[in-house]
Structure formats: C-alpha cells, structure tokens
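Biologist: Let us go through the contacts between the chains, one question at a time.

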Protein chains: 2
Amino acid sequence: MDIATLRAQHPDHWKLASAIRALAMDAVQAANSGHPGMPMGMADVATVLFRNHLKFDASAPNWADRDRFVLSAGHGSMLLYALLYLTGYKQTTLDEIKNFRQWGARTAGHPEYGHLEGVETTTGPLGQGISTAVGMAIAEQSMQARFGKKLVDHRTWVIAGDGCLMEGISQEAIGLAGMQELSNLIVLWDNNDITIDGRVSISDKTDQHKRFEASGWTVLACDGHDPEDIDRALTKAKKAKGPVLVDCKTFIGFGSPNKADSYAAHGAPLGDAEIAATKEIYGWPHGPFEIPADVKSAWEAIGSKGAAEHAEWTARFNALSEAKRAEFERQVTGSVSKKLAGAIRKFKKEQSEAAPKVATRKASEMVLGVINPACPETIGGSADLTGSNLTKTKDLEVFNPDNRKGRYVNYGIREHGMAAAMNGLWLHGGVRPYGGTFFCFTDYARGAMRLSALMGIPAVYVMTHDSIGLGEDGPTHQPVEHLAICRATPNTLTFRPADVVETAEAWEIAMTQARTPSVLALSRQNLPTLRTKHTNQNMVAKGAYVIEEAAGKRQAILMATGSEVEIALKARDLLQAEAIGTRVVSVPCMELFAQQDEAYRRKVLPAGAVRVAVEAAVRQPWDRWLLGERGREGKADFVGMSDFGASAPADRLYAEFGITPEAIAAKVKAML
Amino acid sequence: MDIATLRAQHPDHWKLASAIRALAMDAVQAANSGHPGMPMGMADVATVLFRNHLKFDASAPNWADRDRFVLSAGHGSMLLYALLYLTGYKQTTLDEIKNFRQWGARTAGHPEYGHLEGVETTTGPLGQGISTAVGMAIAEQSMQARFGKKLVDHRTWVIAGDGCLMEGISQEAIGLAGMQELSNLIVLWDNNDITIDGRVSISDKTDQHKRFEASGWTVLACDGHDPEDIDRALTKAKKAKGPVLVDCKTFIGFGSPNKADSYAAHGAPLGDAEIAATKEIYGWPHGPFEIPADVKSAWEAIGSKGAAEHAEWTARFNALSEAKRAEFERQVTGSVSKKLAGAIRKFKKEQSEAAPKVATRKASEMVLGVINPACPETIGGSADLTGSNLTKTKDLEVFNPDNRKGRYVNYGIREHGMAAAMNGLWLHGGVRPYGGTFFCFTDYARGAMRLSALMGIPAVYVMTHDSIGLGEDGPTHQPVEHLAICRATPNTLTFRPADVVETAEAWEIAMTQARTPSVLALSRQNLPTLRTKHTNQNMVAKGAYVIEEAAGKRQAILMATGSEVEIALKARDLLQAEAIGTRVVSVPCMELFAQQDEAYRRKVLPAGAVRVAVEAAVRQPWDRWLLGERGREGKADFVGMSDFGASAPADRLYAEFGITPEAIAAKVKAML
C-alpha cells in the first residue's frame, strides 16, 4: 500500500506509525549513527501488533503473563525504543530517546536486556532473537502445564529480518520450534529484500515459505504497509496450530524519497534534508522528537489497554493459596528452593564416605538426581548427547507436544540453538535451564553463550568430554583452548571439578547464581573421590584451595584442575618421597579465586616455592597464577597442552603429551 | 532392499560392500571404540559411488582434476578408511586399519586431513563437511573459469547424516550452494532416521526434500541398499542443474540382527558375538580384517579405473605451454607469486612517506589493492559486510552463476558457512581464500576457524571493528575476549596491526603461510601512520619490536597492539615529560614473538623496568609478557577491559573505560 492511500484510508494508524518513524529518523540523526530504515519499514506492522494483538500493560512491564516481544533484528532498536516510549513504559523517557547510543543512556545501539523494562532480550548478533524466542515459548508452555492456563497463557512475537533468517542458528530454531509445535510463537518477517551488501538475491534465493513449511510452520503473508492486511494475518496467526511465520512485505526506509528500498536507509542517518523531505511525504510537520499530544495519548491508550486483562489476571492470581502464589513468585523470580542447600550437603557427605570412582560427568548426573527433585523449575536437555552428557535424570520426562510437563528437552544436534533457547527459558522466567554437549562444541554455541554472559543469565552449560581424556575421538572432539575461551569471557564461571564432591559444590554454586552463567567442564574418564573428608563448607566457592598440604618444608606448589588434580597428587607423592615438600592446590574455578581477598590468595599461593600448573589445555589462563599476581614470586612451569590433541586411548595420550606425575616431578626438580 | 534379495541379485556388489562392512565392524571392535553403524548403513551407496561415478585414481591421490569425496558424517570414518584401503591408496595399509584410533596411526577416530591421502578434509564436528564441500565446489568452478574445462571439470560428493543437516551451519551451506547453482555438488544423505538420542523425530520433523528444494536444490531419492536404484539416482544427479541432494534411505548397522536400525549400532563396537552373527547374515565367512583376494582385486580395479582418464588429462596438461603449466602448478600447490614481496615493499615505502591517517580496515583494503592484482588466485568475500570490512577491491568482480571468473563471494549473513567454505576453497587447491566479518562474530565462525587451524589451512580472516573503538553499536558488537580466544587457539596467527605499515606486513605474513590461518583484527577508527621511517624488513614478523625507545634511563616499558599503540606513545610523551624513560613496544603478533629466540625476547622486554600492557581487551594473554616469562621480572600492570563494553562514541568509551595516556602514565608512576 502506498503512502497516499495509507494516509487517506487509515489516518489514525498512519499517525501512530508516523510517530515511530519520526522518532527513529530523529534519534539516529541526533546520534549520528544507527539504523533508521528498519523501524521505518516495520512501523506499520509494529503498530498493528501493539495496537490490536500484543498482550501487555506498559505500567507493569514484568507482568508474568504478558506476551513477549522480541526484536530479533536488533539493529532496528529505535523501533522498540519508540514503542516503549510512546506506549508509556516509564523507563523509556524522551530524554533516553534523545540520548540514543550515548554514554550512560539506556537506549544502547542494540537493545540490551536489563537496560530498559520492555526489552525482553539482548539482540543484535543476528539470529539470536528468533532462537531465544523459541526458549521463551517453551518456557510458557512448561509453566502453563505446571500452573494452568489461568495463570500462564501468552504468546511470543518476534520481528526478524533477512539477516536473522540467513544465519544458521535460525534453522536450528525453526526445526526445534516446528518439532515442538509451539503455537504460541509467531515470527513477523521483515521481508524488505535488502541486506547490507545489496538485494537479498545476491547471496540467497531461498524460498522462505517453503523452508518454514518444511519444518511444520504455518506461513502467512501480508502487505506490511496495509494495516488491515496486517491485522488479518496476525489474527489468523493466533489461531494457527504450531509456530507461524508471517511474511510482511515491506520497504526499508519506507517513504524516504531518495533512500527507501535501498541499503542507503539501512545503517546510517538519513541526513537532515532527507528527513525533512520524508516528513513532508508523511504529512508530519513536527520538529525533531516532537510528538503531538493527541498522538502520544492515542499511543498511551494502547499502552494501558491491557491493564484490565492484567487486573483480571491479578485477581485470579490472588485467589490462589498463599503457598501456590509463593511458589509461582519464587519460580518466576528465579530464586532457588531452600531445599537445595541441605540436599547438596547430604549428597556431599554420602559421597565423601562412599568415595566412588566416577567420571565427573557421572558425578554431575548424580548431583542432578538431587537437584531436579528439589527444584521443579529446572529444565534440562542435551544437543543429542544425552547418554554422554548424562543430563537426563530418571525423574525427568521429555518435554514435547504430548507432554508439556516434561522437563527434558531433546534439543537435537543444535548446540547454538540450544544455548539460545536456554537464554530464552531464563528470560521468560519460571524456568532454570541447563543443557549439555561436548565441551569442544562450545565452539558452535559461543554466540549464544556470550549473550548468556552479557545478559547475566545463570544458565548452566554441562560440557562433558573436557580434554584429551576423551581419547579416541581425536582432536576434533578434544578441547584444548576452550577453558581459556570460557575464562576469557567476562561474567562466566568456568568450573572444572576434580571429583564427585567438587562437582556437587560447583553445581550448587551454578544453581544459586542470579546473574552469571556457569560452564561445567566434566571428564569422560573415571576419577577417584579426593575429598573423602566431609565438610559443609563449599570449597569450590573459594575458587582454589589447598587439597593436600606439603609435608615438611614447602618447596613446591602444584596447581591443577579436574582430572589433573589426581595426577598432581601422584606427582606430590613422588616429590615427597624425595623429601621435597609439595603442596597441591585444586583450582576448580579461577574466576572465584580471583574474587577472594588478597590475603586468601596469598595464603593458598604463597611466595617462596616453585610452582607448576597442570591442566590438559593451553597455558594462557595460568600465567597469572604461575608467575604471581605481582610478577615476582619465583620460578614456575606448566604441564599441559600446547597444540591440538590426537586420537588414541586416553592413558596413552596423557603419557605421550607428557601430562604425568613423573613429568611434573621432573619440572619441579629442574627448578629447585 | 533386504539382504537376501541383495545377495541373490547383486552378488558382486554385495561382496564389495560386505568388505567395507566387515572392515568397519572389525576395526571398531579391535579399537574397542568407534562407530560401525554408519559405514554399515552407507556401504552400498559408497560402493556404487566409487565403482560407477567417482572420478579418481587411487595411485594419484592428488590429481588436481579428481572428484572430491567428503565424509561429512565423520564419525563413520571407517567407511572412508575401508574405501581407501580397498581401492589401493598406498598410505592406507591394512596395518593402519588394524591400528584404527591408536597412537601413531593415521586412521584417527575422525578423518583428519593430512594424515592420509584421500582424506580431503577433517570432519567430525557435524555440518562442517557439507559446508566445506561448498567451498570446494566454488573453487572448482573458479578454476574451471580460469583454466578451462579441459583441465578442471570434476564434482564434489558429500555423504552427510541427519546430524549434519540439523546443525545450523548446514543451512548456510545449502543457501549458499543453492544461490550459486553449484551443479558440481552432490550430497548423499544417509537417511537412517537415527540420532544418538533416538529416532530423528524426537528432535526434528523437518521435511528435508522441501527444505533443500526451497533453496534451489534438486532432490532425488533412492533405496540406499539397492545398487541399481542408487546408480539410477547418482546418474541423474550428475545431469541436474544446480546442487543435488540424494536422499538415500538406509538402515544404520544394516544386517546386524540385534542392533540394526537402532542407536545401539551408532557409537560402540557391536561385540564379537554380534559381529559373528552379522557376518553369518552377510555370508562373509572371513576372520577379522580378512579380505579375500578376489574381493580385494575387484576393489583395486575400481581404484585404478580412473587411471586412463587421468592419463588423458595429463596429456592435455602437458600440451600446455610451460608458463601455463607452471602457473597452474603454482596455484594448485598454493605457493605465493614472486611478485608479492616487491609489491608489498613498494607499498610500505609509499605509505611510510605519505603517512595517511586511516583505519587499519581501510589500510587492509589498500594492501589488498596490491595483493589481488599480484595474486590471481585470491578469492575474497565477506559475510554481508563488504562496505565495513573493506574486503572488495575494485579489480575484483563478483563470483556468481553468471560470472565464474569473479573473485569475490557474497557469502551472505553466514559467518560460519563462510569460514567453512574458505576451508574448502583452500583444500580444493588453486585458490587462496580470505573473508571478512566483524571480529566479534568470530563467535559464529569458531567451529570452522578451529578446523582451519587444525587442518593447517592458511585462510585469512579479515576481522574488522576489533574493539570498543567501533563505538555506538555497543557490547554485542564489541570484541573483548576475542583476541584471547584466537591467541589461545593452536596454530593460529593473530595480528593486530597498529597502522598501515604494520597492516601491510601482517598481510604479507598471512599470504605467505602454508599451514597456518591468520586472523587480522582491524580497527574501525582512523589511526595515524606510526612507521614513517621505511624499512624493507618485516617488523611484524618479529611479533613484537621496539617502536619507540626510551630517552634517558629506561624505567618503564609499555606494550600495546593496534589502536592502543598510539595511546601508549602518547603516554610515553607524558612520562618522558617527567623524565621517566619509557620504551614502547608494539606487539602485533604474540605467536610470532613467542617463536623468536630468547635473546631477542629479552632484548625487547629486558628486566629492570616496570611494564604496562595496553589493549582494549581482556588481560589473559598478557600475563606471560607482563609478569615475565620467568616470573621474576618486576612490577607490571594492565590497561584494558575487564568486562563487556558499552554503546557510545568511541572516544567516550576509551575515556570511560580508562584506556587513556593519562591512565597509563598513572599506572607506571604508581609502580616506580
């Protein structure tokens, strides 16, 4: 539909949509950077969505039963900010809009979760929004099954662009959502046929309708500039079975006389003259950031239209028993059941006594056997490695279209999609996600794992087969640099527990995080229980601690993690046999050790002894602890990997790569 | 087709295929680990492919015009090893088969490029093979356009499983191959309906026919156990326009009485009893690793059937002029044009004199303006950020179905697919690939970038927008941990040049690598030329060097990379103004610095001065250089990032995060 027709036939709609477009143009111009074209293209669709379909109450952005709105095409952030401002979300003031992309403003270049209420997830890296939305939709279905439709009955709406659909992660999301028949998920495709490098066809000729239909989606289409046609499509979408793609045919930079329908409108300010010309065409005679009172109040009416529904919901909620309300609140806010601490303590005590020799992946399964019954909000899963990651405890049923009460997701061979879905599960609320794959395949999931860290999502990544210790599968499956990668990532706890007790402690810490994801790097191979003397204290919480003290004068300190702690202890035996006093320090979590006060760090790693760190991985994260935080603490060496691994039985690999008690002892003695 | 029919109707075929199956069962059993089910399922398809369709000569594994065969489902490595052994590839001896998955054997758990001739690429991480194959097919078309059909006219065949198709990267490959109309690419889908966790339907219900067709592929189907039907499909596939998917309906572990068609056959030895029972069903009364002479010689005849065609090709090749032969050989073997060194030297001299103030991404474009004309084998590209990565020089035309001579690939918004395709371009030979995206989206490409390093592929990753210096796009786009990630990865050169001259030197090193990929981390923002005094020597090759000496007594050493070298030099000015002698060391490549001899390293970083490293990224890779390789070299501090970035103009970010000359000078003074 062209602008003249639109203005003539839908004057109210046109004003509402023009307000979005004007704000987008003005804010990008003021910031002298940003993406005006996408908000201008999708303003009509967004207006119809917010006006007629989205269930929300701008005065209560955290209402648990609101529809979720995800701007997967995050570069179009001004679309979202404009909507939040216009509909009356308190935090999104006009000043915030004016300070778009400036230091201290909450209106970041791309929408950042936690900056503004109403921003349901961080987007910008393409394909993440649509994939995160799948997790949100799963969470809604899970909560609906557990708490009933009267409390939980809403949708997740996504706006996605061509970029989102070209990214591989989107296929993982499409496949997962299709298999799960998520009728509560509706994706609005901003089909403007423009990418940064030109027309979509220069890099892709995929028939998106056919592609989505292939995975069981319903596909609808509309003229993305015709409010009636949009409304018809959205109305139909809500009634469809399974997830829905709505193909919204739009023009990027709609109305801009010289830049519409071209990349020129995508990623740069239009310029004052072009803005003036565009506003002329819009019939929008208002200055920068100026929204006429009637338009603002019409938008605010939209922002408050959900208040009644919200009030009815609140009445239903308040009619519940206090216990049920409290449990709902607990799960929605993500606080951890009080039962957990005692259950973990009991488990640790039993294991210290039984002292099993088990792989830490098995230990993790044993701990999950305690966690999952105590925490009904956990949703576990694996990227098709359930029997290897040991992520499915016996009490968990599979979540699928026939059983929404199931708490285990078969994510399929989709590591990236799994990680993004885990983000969505947490962001939706009511669910605490964990998921597993091989540690090496962190590589596949990195994009979404980084967003866990950036958003502060306490997802738990159960990463088994954590070193050359996995053996025969060889270097493609053997992580070498991945501990360094996780440790280099801000706001990420990287655990590599040494035995069943440390595994329980690591899980306890991971489960009680509110804003930090955890990576558990777990062994394939069996490891003895080292912590055979029970303590209620969570030693892993210290990050590093003395697991075996030197006998006699302390001449050496060995640091190790995971499966290498056992090897370090054997090296200590060799050294002590030669009267070389050797302390062994277990370092299950460097990030937590770095957070301890200096006195504790010095107590664990005092000067005056040579140091050897042992880890079947690259040295990079160890220099800080080896060389001393102050850089003058004595001689040091490293036993680990400096190149990729190889395919052979694990014991042979450890021997060939020189990660042995003998090699450690030799390095110590060479420095004495 | 069932086994009885197969044996009766196709006895010769059956024996050939049985040899593969028997070897797979025996080798996995002997190794006590591995994946027998997939080779057993796909043996019939592979037999027909090698017998009737694949153009190869086992005595000449590196024949440039051979068909490429990619086992994307790399866990089925015994299928490939069995084929190589049976057809007579010299390196694949029976002893190698017997030593499957053992230390020192070339028959690794997953096929490793470089271990055995005939292994065209490393596979195992799912989805990589099919995506790498797209690069191979592009390389073939590029070479064919440049050298003619008489020299280059072959296909790339892929065997892919459900796992490959579920990984997101496969969609990127499917979309790219479809758009490029790669008629020389045929994917054989091992449609056995089994994944590790169970039936495919527990995690995916995608109609793969529809999905591939949506991207312009031809889809054919066959009974994967009926040689005539397979042959019919493969014959048809070769005639189709555009890429082809052949849906081969198979049974995993075909013939195993108790484990066929179930996950039990996937990833573990069948056991002696089950092997015996299976061989009984096969009518294969031979002991472990025993191949009857008639079967072996039938297979060897298949291995040599391409010799005649190869001889004809050699005759055509030898009829060429010596110059043309030499150029073909040079490109196929990947050696660098002799013109390059002089051209780079000239460029450096000009730039040292002109001293432009340009972003290093712009500098990279300028260098490419020298490289691309000198090296006709380069194929550049970008994941839809051409105007930002500045990867397309004016002389490059776009590679597409209408112009196979084009040397620039619009990869689309497919970072992972691009990196995998780059691997394939190199592996095919005749092409030297580079490709760009934002440095932060290393996250998306990691899986394939790791394989570049593992395989020793000298791809060049042009990663622009390398820090908070990109400004307003905010933390989702600002790399912080990515330098640490690349530096932690074995066999990867990570360059962060400080100006146009260092950029040229980094490119020269990257272009002359034979077995190591390079990552160029390049600035968005303009940087002054620091190296205004020309030297023919490639200083970046030293990894680190003194860019500005201390005046007077040396009290401080500042180390920095990229855009922070300018800041360090300004800090030096402040310190020297207070008579604090300060050396500045530029560290464009830590890996190369680590390779220098100790004398040089000590000369650049002598003891006796306080050290501050400056990099707008996390500290992890710096401790080694800050704290001293021997851990006793004096006080040290770091100026950089410890958390994610923010959205604001770049200058403001540097000021707010304290990466300023003043902050550096203050840290130095606090230690004196």
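Biologist: Which residue of chain B does Arg101(A) meet in a salt bridge?
Modeller: This is a predicted model, where local features need pLDDT of at least 70, side-chain atom pairs count only at pLDDT 80 or more, and totals for chains, interfaces and linings use all residues. Residues are numbered from 1 along each chain as its sequence is written, chains are lettered from A and ligands numbered from 1 in the order in which they are written, and side-chain values use heavy atoms, leaving out hydrogens and water. A salt bridge needs a side-chain nitrogen of Lys or Arg within 4 Å of a carboxyl oxygen of Asp or Glu. At 2.8 Å, N to O, the partner of Arg101(A) is Asp473(B).

Biologist: How many salt bridges cross the interface of chain B and chain A?
Modeller: Over all chains, the structure holds 72. Across this interface, the rule finds 14.

Biologist: Why does the pair of Glu481(B) and Arg446(A) join two chains?
Modeller: Their closest N and O atoms are 2.9 Å apart. Glu481(B) lies in the loop between strand 12 (460–464) and helix 20 (482–488) of chain B. Helices (H or I, at least four residues) and strands (E, at least two) are DSSP runs, numbered from the N terminus. The pair joins two chains because Arg446(A) lies in chain A, in helix 19 (residues 442–455).

Biologist: Are Glu481(B) and Arg446(A) buried or exposed?
Modeller: Buried means under 20% relative accessible area, exposed over 50%, partly exposed in between (1.4 Å probe, protein chains only). Both Glu481(B) and Arg446(A) are buried.
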